[in-house]
Amino acid sequence: MGDMTNSAVDFYPKNQRGESNHAGEFGCSLDELRSLMELRGAEGVQKMQDTYGDVNGFCRRLKTSPTEGLAGNPADLENRKQIFGRNFIPPKKPKTFLQLVWEALQDVTLIILELAAIISLGLSFYQPPGERSEMCGSAAGGVEGEGEAEAGWIEGAAILLSVFCVVFVTAFNDWSKEKQFRGLQSRIEQEQKFSVVRGGQVIQIPVSEIVTGDIAQIKYGDLLPADGVLIQGNDLKIDESSLTGESDHVRKSADKDPMLLSGTHVMEGSGKMVVTAVGVNSQTGIIFTLLGAGGEEEEKKDKKAKKQDGAAAMEMQPLKSAEGGDGDDKEKKKAGSSKKEKSVLQGKLTKLAVQIGKAGLVMSAITVIILVLYFAIDTFVIQKLQWLPECTPVYIQFFVKFFIIGVTVLVVAVPEGLPLAVTISLAYSVKKMMKDNNLVRHLDACETMGNATAICSDKTGTLTTNRMTVVQAYVGEVHHKEVPDPDAIPSKTLDMLVNAISLNSAYTSKILPPEKDIGLPRQVGNKTECGLLGLVLDLKRDYQTVRDQTPEEKLYKVYTFNSERKSMSTVIKMQDGSFRMYSKGASEIVLKKCSNILNTAGEPRGFRPRDRDEMVKKVIEPMACNGLRTICIAFRDFPGSPEPDWDNENIILIDLTCIAVVGIEDPVRPEVPDAIKKCQQAGITVRMVTGDNINTARAIAIKCGIISPGEDFICLEGKDFNRRIRNEKGEIEQERIDKIWPKLRVLARSSPTDKHTLVKGIIDSLHGERRQVVAVTGDGTNDGPALKKADVGFAMGIAGTDVAKEASDIILTDDNFSSIVKAVMWGRNVYDSISKFLQFQLTVNIVAVIVAFTGACITQDSPLKAVQMLWVNLIMDTFASLALATEPPTESLLMRKPYGRNKPLISRTMMKNILGHGIYQLTVIFTLLFAGETIFNIDSGRNAPLHAPPSEHYTIIFNTFVLMQLFNEINARKIHGEKNVFDGIFRNPIFCSIVFGTFAIQIVIIQFGGKPFSCIPLQIDQWLWCMVLGVGELLWGQIISSIPTNRLKFLKEAGHGTQKDDIPEEELNEDAEEIDHAERELRRGQILWFRGLNRIQTQIRVVKAFRSSLYEGLEKPESKSSIHNFMTHPEFRIDDSQPHIPLIDDTDIEEDAALKQNSSPPSSPNKNNNAIDSGINLTTDTSKSATSSSPGSPLHSLETSL
């Protein structure tokens, strides 16, 4: 709503709180208006009469005129904005670039690297005092040579540089993604205009400029931009389903129900309203605030709220704990935190990184211990020297060197390219997905989509084009299976048909030329009427000329369409003074009122009930079974005198003459059947959830290929579905849902609640061997809860409402189902790219660690020097992640089943490749290390004396190592054991350029690197030998891929997802948040306890906030389909799995505060609540947050520490 580009700062005016306490210069305050808008129907009318007299009195209080509107002087408008707020719902304040950088820095891997780098830098500048004396012994391997001492700082600096790269790339990606999204938002918003009366003139102004007190003109098809009270209306009907979920249209009139709410659609009629609440104070704004979109504002309000009384603060911030203070911030963070704690992939990666990190730590510790022991034994036992005070600095220098070698081993072991690979891969995919019409709002959604197993899709607009077109017609007693030729219809009948359609439809319904040359004509207004107008154009006539002869004001009487009449009629006065009425409507209704029908000659003939039954059987039912909506068009002539009693509909709407019956289709998008077929091949079940009737829905589902004849499937209507999943008490049972969903393909006549129930039921289901990952598409505000509950929510970019977009993860900018298939392809590609990178990275790591470890232990000096290691590490990691993460997806990705949640990242095939290549490389390097000098006939580099220049021997080892990695990078392109590793290599120019680029730099380093890189230029024949050993990788790769994996029983997989049995009960229940293992083990009890407490507080406030505004006119709060359930969304739930914690009412706030301070939580019979069972006292210490928690983790969002 409104212009999102405004800064959110001026949004909450300084004096607003003051204004809400006294009425200020206007006759009513903000709070009064807010509470007025929460009333419905008779209550609202009563309140208006009691408080303001009538609408005119109300307008006087707001200093506006029902006829003239506001005067429109800028000072007055500005004042109103100050007091009643602006008409825009402030977006979440975008994170600044520095905040994003800070978040990126919280990554555990990066923290380890930063520490290593800082230690290494500090040590490189540490010069021990005094010369070494003979008395202190001369340990083998000596202290670093001068060349290395000078280059010592390079290592630390290089690590910091790599950290900087990762952080910068991550932050920049998040920032640009956010910017793109806001750009799209503001573009959509600036286009929205609305008609208001100012100074007696009707003008169009941007929605964001509307202020309280404006008189707005509303008409059929409008989306109301603000709350208001109706001043006068003609036959006004509003679709409030976006707020209440009730699909019936609500009739509004100044004397019965004058309350109009923002975000609702005008479905019928027109009128004028006075605007009462805008922006955050409107009903949609309040819901937006509940969804956490107003999060940032609440921080500002918090500070004010602490000074004001709690009640007023409560009023404005439904998501807050009323005591103000720090508890709020936590709760807000919890409620506003991203809905998934960690995506599937991130969970697996964190776990893997922790495992690798531990292994590296162990290796580096062993290295240091061995070196220290070797040195100590050699110096003090074999040489029998004393530890002398003056030798201490020298010994310390030795120990420092050993520590640096240990750190090098650790640095090599930690895969710092991993965060970068993930980031690059996701960012690259997101950029490319933009071209495929997927605007990704949450990065992890892109990868979760690769695991999707089910898609619940809307019908209208997603699977179909939402363009009604007439495809069959029964006219002149002939059933035309396609649109007839104008010559095939009697000319009298044709004229009658064209007039009946052109005049008897809202003049706002039009067909405009397409925006682009190639597009379809645009349909504006009621889609069904546009379909009929399209028929007029297909019959080579022009409806506009007919309308110009009889302009709208000349229409004598109009009976607008409504759900009781199910028809629309228009009366016009003929030249001779007589009247003619045209009618159209649902065929079964209108045909009952027909007593004649136009025959083949265009003359009326009798139409008896027997004829009607035959027509229903022969014409109408076949049309309905083809998924068509049938409409009957008829007319009746009346004499001019005596004039009929137009108000008595019962005598007017009978005795009609039928002109034609037409079948209207909402055609399936041409690319949908193919897209659905691809989904099914890829192991994804597509289900259709629609509000249409079951026959039409089934017909469309067959056309799309969602159901194919002979399959075992169920199609249900909403009420049957509800009857089957609820027990005698009317509660939903998971076992009952499990019986239905695996076969359910079509859910027709469904409400938003049904959609949410279905999605939740499938996600929570433990039926089958793996948990389902569900994607949902939706466009209406009422789809919000289902979109938010789903693993991935797709909102429609064109037809979608703001609420739907806000709740979604990916926005389809072209509203097209086939874009979802593209998202699946990209998602799977991300997963594969990461696996490819891992396969490559781990081979490098294993080899490098073992070489550094054995080298250090046997020769007291790593054959690969620290700076060389960093070149291998930094360049191989960073460049390889770029090269392997940017592989474009191929159609073959859709030929396999989804991986599922617990498929390991490193499959057995990949394990085979890693170990196989590791063995080859280690063999080559150790052969060179211990026999290289004899093979190449050069001086040995082992045990070189102090200050010795770099040796050819070690340069050859370094060079061979790098070239082997380069060729192994090509092997790593395939992870499923394919033979042809060059397949499609030229489709990825980045890959080719990186391989050649790395090779070029390597030549430069070897020939001109000199001391810093400990290199010495090589001869051409030595280069050739290095190349041969490198190319050997490719040949060896072929040998490995021909060994069948299933023979190698000893191979283990690594990087599993969460297994069912490690998940505690609570996690499986309701909204199991995915927290990765390492975190869970540390913090399970703590998190559960806080989560339970937070959720209950939040829940109670939300329910209270909702009860006052939304229960009116709905069922009782207890009943299951109430608003409470409609908004069931992780942040809005009392977690049923934790019944032991007493519910806290708003009256018990003090008690609640005491509970928070009280360190021992109530004991619960919960087996998994480690913290409670072991009696650890938990206290909330907001002064210091737990530094180790990553930004996504629940711990971080709660800011607790033990």
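Colleague: Which residues does Leu747 touch, not counting residues up to four places away in sequence?
Modeller: Leu747 touches Met688, Val689, Thr690, Leu716, Glu717, Gly718, Phe721, Asp754 and Leu758. Contact here means heavy atoms within 4.5 Å. This is a predicted model, in which local features need pLDDT of at least 70 and side-chain atom pairs count only at pLDDT 80 or more, while totals for chains, interfaces and linings use all residues. Residues are numbered from 1 along each chain as its sequence is written, and side-chain values use heavy atoms, with hydrogens and water left out.

Colleague: Where is the place of Leu747?
Modeller: Leu747 belongs to strand 23, residues 744-748. Helices (H or I, at least four residues) and strands (E, at least two) are DSSP runs, numbered from the N terminus.

Colleague: Does Leu747 count as buried or exposed?
Modeller: Leu747 counts as buried because its relative accessibility is 1%. Buried means under 20% relative accessible area, exposed over 50%, and partly exposed in between, with a 1.4 Å probe and protein chains only.

Colleague: What separates the C-alpha atoms of Leu747 and Lys719?
Modeller: A distance of 9.8 Å separates these two C-alpha atoms, and Leu747 and Lys719 are 28 residues apart along the chain.

Colleague: With which residue does Lys719 form a salt bridge?
Modeller: The partner of Lys719 is Glu717, with the closest N and O atoms 3.1 Å apart. A salt bridge is a side-chain nitrogen of Lys or Arg within 4 Å of a carboxyl oxygen of Asp or Glu. In this pair, Glu717 is buried at 17% relative accessibility, whereas Lys719 is exposed at 60%.

Colleague: How many salt bridges does the count come to?
Modeller: The count is 28 salt bridges. One of them joins Glu477 and Arg605, whose closest N and O atoms are 2.3 Å apart. That pair links distant parts of the chain, 128 residues apart: Glu477 is in the loop between strand 10 (469-475) and strand 11 (478-480), and Arg605 is in strand 18 (residues 604-606). Both are partly exposed, Glu477 with a relative accessible area of 28% and Arg605 with 32%.

Colleague: Which residue forms a salt bridge with Lys703?
Modeller: Glu665 does, and the closest N and O atoms are 2.8 Å apart. Lys703 is partly exposed at 38% relative accessibility, while Glu665 is buried at 14%.

Colleague: Which residues in helix 25 are buried?
Modeller: They are Ile694, Thr696, Ala697, Ala699, Ile700, Ala701 and Cys704. What covers them includes helix 22 (609-625), helix 24 (672-681), strand 21 (685-689), strand 22 (714-717) and strand 23.

Colleague: Changing topic, which side chain does a polar contact join to Thr777?
Modeller: The side chain of Ser457 is joined to that of Thr777 by a polar contact of 3.4 Å. A polar contact is a pair of N or O atoms within 3.5 Å; within protein, one must be able to donate a hydrogen and the other to accept it, and residues adjacent in sequence count only if both atoms are side-chain atoms.

Colleague: Is Thr777 buried or exposed?
Modeller: Thr777 is buried, at 0% relative accessibility. Thr777 is in strand 24 (residues 774-778), and the residues that Thr777 touches include Cys456, Asp458 and Phe794.
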